[in-house]
2 protein chains.
Amino acid sequence: MPQVYAMNGGNGPQSYAQNSSYQRGAVDAAKELIKEEIDKELDVKQLSSTSVHPFRIADFGCSTGPNTFVAMKAIREALEEKLRKEGLASEVPEFQVFFNDHISNDFNTLFASLPPERHYLAAGVPGDFHKVLLPKASLHFAHSSCTLNWLSDVPNEVTDNTSPAWNKGKIHHGGAKKELLEVYASQFAKDLESFLNARAHELVDGGLMALVIPTVPDAIRESQTTIVPEKGYEVLGSCLMDLAKKGLVDELKVDTFNIPLYYTSLNEIKTLMKANEHLNVQRMEKLSIPGKHEFLSNPCGIALHHRAVLEGLLEKQFGSDIMDELFELFTQKLAESSSLFNPENQDVVLIFVLLKRKMRT
Amino acid sequence: MPQVYAMNGGNGPQSYAQNSSYQRGAVDAAKELIKEEIDKELDVKQLSSTSVHPFRIADFGCSTGPNTFVAMKAIREALEEKLRKEGLASEVPEFQVFFNDHISNDFNTLFASLPPERHYLAAGVPGDFHKVLLPKASLHFAHSSCTLNWLSDVPNEVTDNTSPAWNKGKIHHGGAKKELLEVYASQFAKDLESFLNARAHELVDGGLMALVIPTVPDAIRESQTTIVPEKGYEVLGSCLMDLAKKGLVDELKVDTFNIPLYYTSLNEIKTLMKANEHLNVQRMEKLSIPGKHEFLSNPCGIALHHRAVLEGLLEKQFGSDIMDELFELFTQKLAESSSLFNPENQDVVLIFVLLKRKMRT
């Protein structure tokens, strides 16, 4: 299994940059909450007594833009506003923004798209965000949106044909099989712990972190219901099996391919966040996304959204030659089961979490 | 004229990564001097009383590797050795390395080539190094090798047909014409001042900067002799004029194309460095490069070396279609005038400069 993967690069019609309006909705919805929390929770006087210059911000799992630029601008503006309010902006502070994503992320496109009028110094940080990426106590604000649902890897049991969690002929757990769900949940817990500990190392005392995490309601998780995006992966998996039957894809490769994606529940993240000894949860709530996404009611839109996100992973396993045929078939099958992809019927809930770094002793 | 340009990306046969053994020689030759200067000049006790953690290093004009990784490793090792010697390495310090180059540099290749066992946190910093790229007083060691000969732009007078510095039908000043040489020298002085001031902003008090600058001997500069690499640009320019005569290239485009490259002299940089009020020159000397470069006696090797460095600039002006023909013709012409490209006859002198940031008042 690939250990690193990234959203589609470039600015073309199948790029993440052109097909991430869903993720943009999450960024927009969180902006106001981030502003409130910076105003309420950030003790700039305490920070400025040690080292407020420069103010360092990081986005973990930034992809290629433009969503990350929207988020970083909002955070910088909220920080500047707070400094002004506290009478600490006599000289304009320097802001340094670190853009993190996997090594295989298209940083060339990210850098070429940097807004010219950005009012911050920019740096790219390549690497897995489950590890330490920035120096100890150097970061004032960490941000990560719609990223923690991506696991560091598919759990071994899933591709082991002797395990009860073996997922033959499918490409995602789909919520239905208890053993499968458990190994994914356990991988998610391990990954979240690594992520939180790495950020706790990097954040200054009193530094803040805003997370937006896609979840499913607890009742759905407990009833092992397959949720709408998982139904999409089921359809995509069935397309791969169709291509296998046509001899275009090795069936064994479908058996050993699984999407490293897990939708946690509110109860799960509450428990996991509270277990971290370095970070306090200051706020945790459901994000309301204003408006529905047109593209989610449109088979072509859904297919493009999936292609921008999953093509890198699929190519590594199946090669690039079948991608056009796969996504044409996927679009057709989506059109035939359009009731599943009703935009009114999206049961993913985005949870906003604000954490604060405890004082080091 | 393009304002930003970068070495050829990727890892292919025409890439900078595969054709930068000349630049590697400079990095290797400077390593020992850098080690000596870190040992002699770096007051780690004074630094550690303020903020030795993390130790921040930056390479300005890093290109795609691998040379930058060799330089950064040498600096990290020398710093660690110095900390150990002073009894300050009870805990292994964190190192953060910033890799800078133009936005159009191939950072994807750079990041994919990062040595897995690097012992530092890595970040890429896209942008023009004549401007501030890192926060105030945040950098302990700055490095830049074979980069300052690249100007921020071609001086306006060079492409102005009413100016005495107009360079019709040629692509480089070639050392021969006084007015031309003067506008290049004046652009170099302006660029060097911007570079030094930007680094003076970024360096901590007492922080060090090592530069390797390609120069020509003062006597050659004063006699307006055309030096060997400039003769290479003359040949390349004549190839472009040949293609113009064949109708493959617009002659006007040759008239308005000039390579933004200038070889300063030791006297010039002495004067310019001493004029900077924030940095002290601690050492300045000729670098001896052990061994001659085989590829410099071989027309194919010279052509590849030039292609890796100049293709990006040439493509912007003339398009990519003529590149193969241009460099085939260049290789042929080089073969016919091989006496010019005798490796014993390389009159570029590499100067090593070590600067130290003065204390801020």
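**Helix contacts, interface and backbone**

Guide: In helix 10 of chain A, the residues A:Pro299, A:Cys300, A:Ile302, A:Ala303, A:His306, A:Arg307, A:Glu311, A:Leu314, A:Glu315 and A:Phe318 meet A:Met323, A:Asp324, A:Leu326, A:Phe327, A:Phe330, A:Thr331, A:Leu334 and A:Ala335 of helix 11 of chain A. By class, this contact has 12 nonpolar, 2 polar and 4 charged residues. Keep in mind that this is a predicted model.

Visitor: At what angle do the axes of helix 10 and helix 11 of chain A cross, and is the crossing left-handed or right-handed?

Guide: The axes of helix 10 (residues 299-318) and helix 11 (residues 323-336) of chain A cross at roughly 145° and come within 10 Å. The crossing of these two helices of chain A is right-handed.

Visitor: How do the axes of helix 5 and helix 9 of chain A cross?

Guide: Helix 5 (residues 178-202) and helix 9 (residues 266-275) of chain A have axes that come within 10 Å and cross at roughly 40°. Helix 5 and helix 9 of chain A are therefore oblique to each other. Their crossing in chain A is right-handed. On helix 5 of chain A the contact is made by A:Ala185, A:Phe188, A:Ala189, A:Leu192 and A:Leu196, and on helix 9 of chain A by A:Glu268, A:Ile269, A:Leu272 and A:Met273. Sorted by class, the contact between helix 5 and helix 9 of chain A has 8 nonpolar, no polar and 1 charged residues.

Visitor: In chain B, where do helix 7 and helix 10 make contact?

Guide: Begin with the axes: helix 7 (residues 228-245) and helix 10 (residues 299-318) of chain B come within 13 Å and cross at roughly 35°. The crossing of helix 7 and helix 10 of chain B is right-handed. The contact is made by B:Tyr233, B:Leu236 and B:Leu240 from helix 7 of chain B and by B:His306, B:Leu310, B:Leu314 and B:Phe318 from helix 10 of chain B. The residues of this contact between helix 7 and helix 10 of chain B divide into 6 nonpolar, 1 polar and no charged.

Visitor: What area is buried between chain B and chain A, and which three residues of chain B supply more of it than any other three?

Guide: About 2000 Å² is buried between chain B and chain A, and carbon and sulfur atoms give 57% of that area. B:Asn108, B:Phe111 and B:Pro135 supply 27% of the area that chain B buries against chain A, more than any other three residues. In residue terms, 26 residues of chain B are in contact with 26 residues of chain A.

Visitor: Which peptide bonds are cis, and which residue has a positive phi although it is not a glycine?

Guide: Most peptide bonds are trans, and most residues other than glycine have a negative phi. In chain A, the peptide bond from A:Gly65 to A:Pro66 is cis, with omega near 0°. A:Pro66 is in the loop between strand 1 (55-60) and helix 3 (67-85) of chain A. In chain B, a cis peptide bond joins B:Gly65 and B:Pro66, with omega about 0°. B:Pro66 is in the loop between strand 1 (55-60) and helix 3 (67-85) of chain B. As for phi, B:Ala137 has a positive value of about 50° although it is not a glycine. B:Ala137 is in the loop between strand 3 (121-126) and strand 4 (139-145) of chain B.

How values were computed
Residues are numbered from 1 along each chain as its sequence is written. Chains are lettered from A and ligands numbered from 1 in the order in which they are written. This is a predicted model: local features need pLDDT of at least 70, side-chain atom pairs count only at pLDDT 80 or more; totals for chains, interfaces and linings use all residues. Side-chain values use heavy atoms; hydrogens and water are left out. Axes are lines fitted to C-alpha atoms, for helices over the stretch in contact, and angles run from 0 to 180 degrees between N-to-C directions. Helices (H or I, at least four residues) and strands (E, at least two) are DSSP runs, numbered from the N terminus. Angles under 35 degrees count as roughly parallel, over 145 as roughly antiparallel, 65 to 115 as roughly perpendicular and the rest as oblique. A crossing is left-handed if the near helix is turned anticlockwise from the far one by less than a right angle, and right-handed if clockwise. Contact means heavy atoms within 4.5 Å. Ala, Val, Leu, Ile, Met, Phe, Trp, Tyr, Cys and Pro count as nonpolar, Asp, Glu, Lys and Arg as charged, and the others, Gly among them, as polar. Buried area is the accessible area (1.4 Å probe) that two parts lose on being put together, summed over both.
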